[in-house]
Amino acid sequence: MWRYLVGGVGALALVGGGVLILGGRTPAGTVLAQAPKVVPATPEPLPERAPEATVKTREEKRFGRYDKDRDGRITRDEYLASRRKAYAKLDSDGDGRLSFEEWSAKTAAKFTGADRDRSGTMDAAEFATTAVKRKPARAKCPPGAPRQEPPEES
């Protein structure tokens with residue numbers, strides 16, 4: 001066994017030595033192409049002060065999403081517009097009434113998709129597929145600081 005190991009190490013050493021000795025030479029008569037000279041571009045002068053961005057708070061952004069006519073006030077219609085859109089999506093037959101079947105259609109479809117064996121019931125593995133997939137929390141720490149993972153949901 002030792003003979004094979006010593007023989008393998010010796011062969012690798014010979015191959016490595018050959019690569020080191022012959023690897024740095026170019027064959028006679030070979031002309032190497034010269035790389036074109038690159039002239040560095042002159043950088044533009046930096047401004048004395050960096051431009052200041054306007055800081056909008058989360059609440060100002062939310063206010064801006066609701067204030068559709070940008071008059072600085074939110075009317076009742078503007079406030080309820082998102083609810084009307086959500087209601088219209090649920091009212092699939094467009095009759096202005098929301099039946100239980102229309103209201104629960106998304107949940108019923110989710111159940112049907114999770115019930116893989118079509119038994120009408122979900123086991124623990126099938127139920128696990130219905131968990132809401134949340135986006136990871138954005139870290140609010142300086143760059144380079146260790147990131148803290150959000151707590152796991154149960």
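I began with Arg 70, which is exposed at a relative accessible area of 59% (exposed means over 50%, buried under 20%, and partly exposed in between, with a 1.4 Å probe and protein chains only). I note that this is a predicted model, in which local features need pLDDT of at least 70 and side-chain atom pairs count only at pLDDT 80 or more, while totals for chains, interfaces and linings use all residues. Residues are numbered from 1 along each chain as its sequence is written, and side-chain values use heavy atoms, leaving out hydrogens and water.

I then looked up the backbone of Arg 70, and found a positive phi of about 55 degrees, although the residue is not a glycine. Arg 70 sits in the loop between helix H2 (58-66) and helix H3 (76-90), where helices are DSSP runs of H or I with at least four residues, numbered from the N terminus.

Next I turned to Arg 118, in the loop between helix H5 (105-114) and helix H6 (124-128). Its phi is positive too, near 55 degrees, and Arg 118 is exposed, with a relative accessible area of 58%.

Last I checked Glu 78, which lies in helix H3. What is the nearest side chain of opposite charge to Glu 78? I found Arg 70, 7.4 Å away, and Glu 78 is buried yet has no salt bridge (a side-chain nitrogen of Lys or Arg within 4 Å of a carboxyl oxygen of Asp or Glu; Lys and Arg count as positive, Asp and Glu as negative, and His and the chain ends are not counted). The side chain of Glu 78 does reach the backbone nitrogen of Lys 68, at 3.3 Å, and a polar atom of that side chain lies 2.9 Å from the backbone nitrogen of Thr 75.

Notes
Helix = DSSP H or I, 4+ residues; strand = E, 2+ residues; numbered from the N terminus. Polar contact = N/O pair within 3.5 Å; in protein donor to acceptor, adjacent residues only side chain to side chain.
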